[in-house]
Amino acid sequence: MGWFKEMLPSLCHSPLNCKQLLRSSLILMGEIGGNDYNHAFESGRSIQEIRSYVPLVVNVISSAIDMMYFTINFQKNGGMQEIIELGATTLMVPGNLPTGCVPFYLTTYMSSIEEDYDCETGCLIWLNEFAEYHNEMLQIELNRIQERHPHTTIIYADYYNAAMRVYHSPSEYGFSGARVLEACCGAKEGLHDFNATVECGYPPSRPCDDPSSYANWDGIHLTEAAYRWISTGLLEGPYTIPPIDTSCISSPVTTVSLK
């Protein structure tokens, strides 16, 4: 949030222009929390302990949203300060993606117990349940924020279900069924073509021939092809709450990403 405040004057140059910019912008808040959970899992923390972090992460997201309504300082002409209200009126807050479908996690927590996996997708059930728990807690908090700021539109972006349709029906979205749970770039070994010691971009890793046929790029991050389907699901529906009325977007709209 501090970086956003520092950057904002370079985008609009005056308090009035900044307020107008934010009023006409869709502010994308995040996705926030993914790296916090990733680091905890990588450190070997238990799922019970990591679940206890969810209220803390959601509170950080909530605080960042509230700060969009507070004030910011502009340094001008020899240190003169003008204090204005930020003025954001439309914010989109993404939930977490389905962690249990990520090659890194599928490799790290590979299990011999068949019941640990979703029989339709091959994703790890308990990790996806964790992502759903975060998303449920986030939506509860977003409803509270909306009540505090009734003149502002708070949009929940359902990254989870927008992505899950790709895992349920990969061929329908242009992905190979065998590759949807594999990394495009990396070690190219093992069940999910992932090895944490061989990072994408460093020898002996190598990329796949056709990234557009993969949902995952490097074992952690999705490919552009996967994100295209997620963004389509957000803009055209039905994966935002409330729905985005694209018929209202008839003139250029500025999108400001706060990540």
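Reader: Which residue takes a positive phi just after helix 9?

Author: Gly237 does, with a phi of about 95 degrees. One thing to keep in mind as we talk: this is a predicted model.

Reader: How do you know that the length of helix 9 fits its number of residues?

Author: Let's set one value against the other. Helix 9 covers residues 224-236, which is 13 residues.

Reader: What makes Asn96 buried or exposed?

Author: The cut-off for buried is under 20% relative accessible area. Asn96 has 4%, so Asn96 is buried. You can find Asn96 in the loop between strand 4 and helix 6 (103-108). Its contacts beyond four places in sequence include Glu31, Tyr37, His134 and Tyr160.

Reader: Why is the link of Cys12 and Cys18 called a disulfide?

Author: A disulfide is a covalent bond between the sulfur atoms of two cysteines. Here the test is that the two sulfur atoms lie within 2.5 Å. In Cys12 and Cys18 they are 1.8 Å apart, and the pair passes. The torsion about this S-S bond is about 85 degrees, so the disulfide is right-handed. Both cysteines are buried.

Reader: How many disulfides are there, and what pattern do they follow?

Author: There are four. Counting bonded cysteines along the chain, the pattern is 1-2, 3-4, 5-8, 6-7.

Reader: What does the pair of Cys101 and Cys123 tie together?

Author: Their sulfur atoms are 2.0 Å apart, and the link is right-handed, with 110 degrees about the S-S bond. Cys101 lies in the loop between strand 4 and helix 6, and Cys123 in the loop between helix 6 and helix 7 (125-148), so the pair ties together parts that are 22 residues apart in sequence. Both Cys101 and Cys123 are buried.

Reader: How do you know that the disulfide of Cys185 and Cys200 has a handedness, and which one is it?

Author: The sulfur atoms of Cys185 and Cys200 are 2.0 Å apart. The torsion about their bond is about 95 degrees, so this disulfide is right-handed. As for burial, Cys185 is at 4% and counts as buried. Cys200, at 22%, is partly exposed, because that class lies between 20% and 50%.

Reader: And why does Cys119 get the class it has?

Author: Exposed means over 50%. Cys119 reaches 78%, so Cys119 counts as exposed.

Reader: What makes the lining of the largest cavity polar or nonpolar?

Author: Look at the residues: Ala163, Val166, Tyr167, Ala215, Leu222, Ala226 and Ile230. By class, seven are nonpolar, with no polar and no charged residues. Helix 8 gives the most to this lining, with three residues. The space inside is about 30 Å³.

Reader: Which peptide bonds are cis?

Author: One runs from Pro203 to Pro204, with omega near 5 degrees. Another runs from Ile241 to Pro242, with omega near -5 degrees. Most residues other than glycine have a negative phi, and most peptide bonds are trans.

Reader: What is the phi of His13, and why does His13 count as buried or exposed?

Author: His13 has a positive phi of about 70 degrees although it is not a glycine. His13 sits in the loop between helix 1 (2-12) and helix 2 (15-23). With 60% relative accessibility, His13 counts as exposed, since the cut-off is over 50%.

Reader: What about Lys188?

Author: Lys188 is not a glycine either, and its positive phi is about 55 degrees. At 17%, Lys188 falls under the 20% cut-off, so Lys188 counts as buried.

Technical notes: Residues numbered from 1 in each chain as written. Predicted model: local features only at pLDDT ≥ 70, side-chain atom pairs only at ≥ 80, totals over all residues. Heavy atoms only, no water. Helix = DSSP H or I, 4+ residues; strand = E, 2+ residues; numbered from the N terminus. Expected span 1.5 Å × (residues − 1). Buried < 20%, exposed > 50% of the residue type's maximum accessible area, 1.4 Å probe, protein only. Contact = heavy atoms within 4.5 Å. 1 Å grid on protein atoms, 1.4 Å probe; cavity = no way out; pocket = protein on both sides within 12 Å on 5 of 7 lines; lining within 4 Å. Points joined across faces, edges and corners; volume = space filled by probe spheres on them. Nonpolar A, V, L, I, M, F, W, Y, C, P; charged D, E, K, R; others polar.
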